[in-house]
Structures are given as structure tokens and as C-alpha cells.
Amino acid sequence: MQEDKVLHAIEYFCNSVKIINFGALFADGTDEYCCPSEPMVGDDIRLRFRTAKDNVDSVFVTVNDDRIEMKVVESDALFDYYETVLLSVTERIRYFFEVHAGKVTIFYNKIEIQKNVNRDYDFEVLPGFKTPDWAKGAVMYQIYVDRFCNGDKTNDVLSNEYYYIDKPVKKVEDWDKYPENLDVSNFYGGDLQGVIDKLDYLKDLGVDVIYFNPLFVSPSNHKYDIQDYDYIDPHYGKIVKDEGELLPEGSSDNREATRYVRRVTDKENLEASNALFAHLVEEAHKRDMKVILDGVFNHCGSFNKWLDREKIYDMNPEYEKGAYITKDSPYNSFFLFHDNADNKWPDNNSYDGWWGHDTLPKLNYEDSEKLHDYIMRIGKKWVSPPYNCDGWRLDVAADLGRSEEYNHRFWRDFREAVKSANPNAIVLAEHYGDPKSWLKGDQWDTIMNYGAFMEPITWFLTGLEKHSDEFRGDCLGNPDMFIGSLRHYMSFFMHGSLYVAMNELSNHDHSRFLTRTNRRVGRINTLGAEAANENVSKAIMKEAVLFQMTWPGAPTIYYGDEAGVCGWTDPDSRRSYPWGREDHEMIRFHKDMIKIHKQYDAIMRGSVMFLHGENKCVAYARFTRKQAVVAVMNVDYSDKELRLHVTRLGVKNNKIMKRIMVTGENSYDMTEVPYMVQNNVLTVVIPKMSSVLFVTDID
């Protein structure tokens, strides 16, 4: 009798309190669960949510403020798929899911299973906002032109050609020389002809998109201080007319640097340089590669023809007077000047500079519609014939203007201008922090992905901050910080923006990732350049590249990373490409990982799910209904045995998963090795300091 009571109690408990299979719960912004993922205005949108088969009582979705019960429309051996269809959606929607099983209720949003509703992490869809399909998963390659390849020595900057930031410029004769600590006026001679000469190398590597650091006329090697937005710098392009004299010894007056003045103001040189660039883009397009320009529109340079602090353009009657020359300049409103006590012009006059730098005068859009309209024209010009570029990367885009309100107005106008000229062009911004207010479909397409890519992988694999300025042992190999950071920052994106985000390990502003693998705090001025090469780990670098090539977004290689280039942060990260001294094994690894990246639809377009996290080791998957790719990174000095519950991906028991890549301390191996899924798990041993990839088709 007592036994019957116990059985009745157990039966009642099981019926009233169901055990939810939390691992089976899933939804995201891909077409599998939000179709279409980038709808047009007025489209019907199908929302889906996945649960384990026969496991829950009901699923609701709250769309904006409407709570809708979903219905099971499809089932397979493992899962039920709940669905609702939203008809003729014309405006932005936000939504989250609510799951009931017995007395248990959970919520599901962009950071997955939650006990309570937090609408900051809602899924979002904006009809009419579509990012370029060609950029989704595209392999990008960033080129800092002066340091990539010298294809035309006749256009080199000459020593003493002009005066820049307290000293004469210098031509560096030794291509392999490390950058100096104060390096902006040293020139190695890289140019667009050098890029043209290496297009086949880039194509063979697997590059889909070239992103150029600034190319327009500028006195620095970085060219973020632009003189003339209408022309490619002849030192990168063509110098067909080369007259005048070098700067006299001891002089700092650039009016005496007549060779420089004529090189960069003579229209024959400027037009020839533009023509060479058009040829480069044409050659890239022949190879099915896109080209993205760097747009520096927050500020220009003190050499700029609109300001002309150096009085370079004042010597040429073809140009109008600069704002530093006279109050009557047509460009006076382009800058915000502050009156001085003596009321002299221009002596002792000050103007707003970006971060206080007088060589980087901030552009004063609020007081000049003429300036606004000029930059809109520039935005259109370079994505139109004959140049036909494929988009813009926008420098310090959130800093532009004097107010947030104007900033958003400007980027709305810029997007409209660029897309009107080339609807397939991408608008991609440099940004740190929360980009949501710019990613609403009317401004940027996406951003350089620091928060949801570069920073988490750097902390996890190296314990270093991205400049190599700080080491934190609590971040090294910390799976909770790694996974938590990725989920949080990925939530800032709508689906299309995430899948075209620029995922870089290194770039011109930060230390080279290979140097970060030495887990050492330092800069060129504190430890010297050679220390950046010491105690680096190619094993950790390979783990980072494997992550880069299997994570949602556009993997972006900073020139030379694939060839083993090291370097502390700017300026040491701007070393020359080591032609003839490349790390060929590292190049082969990049080529092989790029092939894997492009081979699997699950990587290019699929969902992402974390499968495991423990100290110094994480596992995640990219998957669709037809394919699963599992990646594991082990940054520990010991092997790890893992039991991965791959049924969460739709992989059935007794299914074979192939190991297709394992990286290690010395090399890497692509020999296919079969592993059987048994008892619903994939059991694997991951060697120390390695990363591994497994793949399978899903029946």
C-alpha cells in the first residue's frame, strides 16, 4: 500500500514538473529561425524556435508588446520546431521567446536561456536593412600601402623632400628595417603598383576583399591627415612630372620644398595617380576581389588645401586661398577657429584639432553645408565609375561632428549618398563599444569587430590587452569571460551586421597578434623592436587563426600576419612585408584555413553554439540543419579529454564526425580521422596548445 502511494507521488511529480532539455532550446537570426533574416519592407517574417521532441508544453514569442503562442509545424527524430508568421512587417521588431514545461518557465533571447526578461537582449529585425551578400563571410586583407610592396621606385618620397612634424621626411633605404619609435615621416616606398604586382599572391591566398588604409594625398606615411580627398597621393600612384628642389638643409618652411609642392599639386601627377588606382580596382575585380577605401572624414590634415597652414597651395594660382591664409577663404567655415587676443590672422590663431592635435584639424560640418555636400560627393565619387570601389571603412566615425544628433544625421546622409551611387557598397565603421544606435539600417552596415572578436580572443589566448599594454592572468584561458563577452557584444548586432563584421586579429593601431602570444607587456620605446619577436608561439597564433576562420563575420588579415610578422603596437605594428623572408608554413596554414572557411556553408552562413567551457579550453559549433562544424581551442600545457554533446546540433548517435584539422606546437595536420558519436556525445582528446576541427553532414 505504501509502495502504491510512492508510485502515485512519483507519477504526479513527473507529470507536473517536466525536465526541460535545455541543450535543445535554440533560436537565432539566421534564415533557419528568422526567415528572411534580412526582410524587405512589407515581407512576411517566419519566426521559429527549437525544442527537444515532445519536451515542452508551450512556446510563446513576444513581438514588441504582443505575446503570441507558437505552434509545432515540424518535428524530426530529435527536435520540435515551433513557428509563427508575422504578416507584412513594415517596421523594426524586437522579440524574445517564452518556454513552458510543467511549472517551469524560462525565457530565451540573444544571450540564450534566462530566468527573467531582459529586453536589452531582444532579437531584432529591421525590414529594409540589408547588408551586402558579397561581404558575408568574405576574407578581407588590410594593406598599409607604404609597407606592403614597392613596385615603382620613381614615386618614392625622397629624404628632405619636405618638413613634417618637426623634422624633414626620410626615405628608408633598407626595406627590412624596423620602424622607429617616431615613424610617421619615414617612408619605405610601398605603392599601388606594388599592390598590383601582388594581386595574384592575394588571390592565391584566398582573399576576397582588399581594405586599404588611406590613399589620398597626405604628408604622413599613415595618411590619416588628408590634404586632398579628390586625388590619390602621387607617392602611391604616379609622378609623371617631377620638378623643383628639395627642402634646403636646416629649413622648415615648406614653401621652399618646391619638389614636394609640384609633386602633390600638379594635376598631371594627380590625374595619373587616379588613373592608376582605377586600373588597380579593375584588375582586382577581374580576380573577383572587392576594394574598400578608408574614409577619414572626422578631421583632415594641416596640409589640407582647405586650411593650407603650410602655404603649399597658396603658391599655386589654380587653388583657392586656404582658411589659414585669409579670413576671406571660401573654406573658412570648414574649421572652427578661436579668436586670439591680438586678433591677427593667421598668426597665433587656434582651431579645433582632433584630440588637440593641430596637425589634425577637426572638420566643422555644423557650420558648413558646403563641407557636408563636398564629403557626400566624395563618398559617391569613389564608389562610382571609373573607380568603382566597393565601399568605405570610416575612421573614428563616432567622433565626427560636435553632437550625437549631428553625427547620426551625417551618417544617414552619407549612407544614402553612397548607396545611391553603388547599392552594393558596404559602409563599415571603426567603433569601440556599443554601436547599436548606428546599426539601425540607416547609417552603418557594420563595424570593425573589437568587442565581439578581437578583444575576447586576445584575452583568452594571450591574457594581453590588444596593445600589449596590460597582462591579466584572470583573463587567460577564462571560458566564462570569453563566452560571456562574445555573447554580450554579439547582441549589439542585427544578424546581417554580425555576418559582415570585420574580424581582425591585428591591425595598424594595435600590436601584432603573434607578438601578443609572448604574453609580455611592452612597446617599442620600452623594450625595443627585437623583443616583439621573442618567445612568440606559432601554436597560439594558429589557434587564433582557426577561431578567426570559423567565427561569424568577415575574417580580415592584416598584411604580413600570414607571413609571421611581429611587432608591438603602432608604429611597430606597421613593419614592412617580409618579401623573401616569409614564414611559408604560416602562409600555407592561412591558405588551408581560408579554404576550410569557404568550403563549409555552416561556417559561412550557419548558427553558432557553445558546447563546452573549462579552464584554458572552449568548444563551439557552427551548424545548419544539414551540416555541423565543431571547433575546440586548448590553450593549456596539458591534453584535454572532452565529451561534447553534439546531439544539440542535430548530429545523431553513431554518426561519424571527421577531424579535418589539428594545429600544434610545431605544425598542423589535415589528415582526416573519423570519430564516432556514441551515447549522444563526441569523445575526443585535444592535444596541449592546439585547436581542432570536426565536421559532418546531418541526415
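A: Buried means under 20% relative accessible area, exposed over 50%, and partly exposed in between (1.4 Å probe, protein chains only). This is a predicted model, so local features need pLDDT of at least 70, side-chain atom pairs count only at pLDDT 80 or more, and totals for chains, interfaces and linings use all residues. Residues are numbered from 1 along each chain as its sequence is written, and side-chain values use heavy atoms, with hydrogens and water left out.

A salt bridge puts a side-chain nitrogen of Lys or Arg within 4 Å of a carboxyl oxygen of Asp or Glu. The structure holds 63 of them.

Take Arg48 and Glu74. Their closest N and O atoms lie 2.8 Å apart. The pair links distant parts of the chain, 26 residues apart: Arg48 sits in strand E2 (residues 45-52) and Glu74 in strand E5 (residues 71-75). Helices (H or I, at least four residues) and strands (E, at least two) are DSSP runs, numbered from the N terminus. Arg48 is buried at 10% relative accessibility. Glu74 is partly exposed at 27%.

Next come Arg512 and Asp561, bridged at 2.9 Å, N to O. Both lie in loops, 49 residues apart. Arg512 counts as buried at 0%, and Asp561 counts as buried at 5%.

Asp570 and Arg574 also form a salt bridge, with closest N and O atoms 3.4 Å apart. Asp570 is partly exposed at 33%, whereas Arg574 is buried at 6%. Elsewhere, shared partners join Arg46, Arg48, Glu74, Glu83 and Arg625 into one salt-bridge network.
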